[in-house]
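Hi,

Here is the structure I promised to pass on.

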Amino acid sequence: MEHSRLRHFSQENAVYFITSNVQRREEHFRDFACARLLEGTLWKNVALKNFDLFAYVIMPDHLHMMVRVNTVPLSEILRSVKTNASREINRYLCGRGGATPPTNATTPTEQMFQWQEGFHDHMIRDEKDFLYHLEYLKANPVKAGLVEKTEDYPFLFIDENALARVFGY
């Protein structure tokens with residue numbers, strides 16, 4: 001049976017909670033360098049794709065982030081982040097000598113690090129919804145048993161002015 005893909009609709013100036021998973025839920029981001037490469041890619045894309053990044057957490061096998069879409073559609077933002085992060089991470093993995101691309105790879109997309117196709121998005125409705133998703137994002141490393149306190153997790157960013165930037169106070 002063929003599955004149809006739903007297109008992601010994004011609205012300018014809307015805030016979204018995004019989740020994107022690593023292919024086969026492989027825990028590539030347990031490697032500090034891979035997580036740092038993703039972090040760098042996120043920040044490069046903020047300028048490149050003109051969106052606001054309010055928060056993110058890089059978990060071993062997935063990424064959560066809260067963004068405001070400005071002029072570039074959400075799907076284009078995620079395509080850019082995922083493509084650029086994959087390129088950097090695969091370059092790192094090949095360069096350190098601990099891994100090589102699959103020998104049966106026939107296309108550039110058949111690499112050792114890949115994201116799952118697509119992503120999950122939730123448009124934030126109001127302040128209560130924003131705070132709920134922000135708390136969910138913050139609690140993720142503790143809930144997963146990676147750290148005892150949120151502030152000890154190195155791959156967590158929260159813009160302390162996010163509420164003011166989004167809701168104008």
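Let me start with helix α3, residues 127-143: at 1.5 Å a residue, its 17 residues should span 24 Å, and the end C-alpha atoms are 23 Å apart, which agrees. The expected span is 1.5 Å times one less than the number of residues. Helices here are DSSP runs of H or I with at least four residues, strands are runs of E with at least two, and both are numbered from the N terminus.

A word on the source: this is a predicted model, where local features need pLDDT of at least 70 and side-chain atom pairs count only at pLDDT 80 or more, while totals for chains, interfaces and linings use all residues. Residues are numbered from 1 along each chain as its sequence is written, and side-chain values use heavy atoms, without hydrogens and water.

α3 bends by about 25° at L137, with the proline P141 following within four residues; the bend is the angle between axes fitted to the seven residues ending there and the seven starting there. Both L137 and P141 are among the buried residues of the helix, together with D129, F130, H133, L134 and N140 (buried means under 20% relative accessible area, exposed over 50%, partly exposed in between, with a 1.4 Å probe and protein chains only). These buried residues pack against β1, β2, β3, β4, β5 and α4. Just after α3, G145 takes a positive phi of about 80°.

R25 sits in the loop between β1 and α1, and N50 in the loop between α1 and β2. R25 counts as partly exposed because its relative accessibility is 39%, and N50 does so at 35%.

Best wishes

Terms used. Contact means heavy atoms within 4.5 Å.
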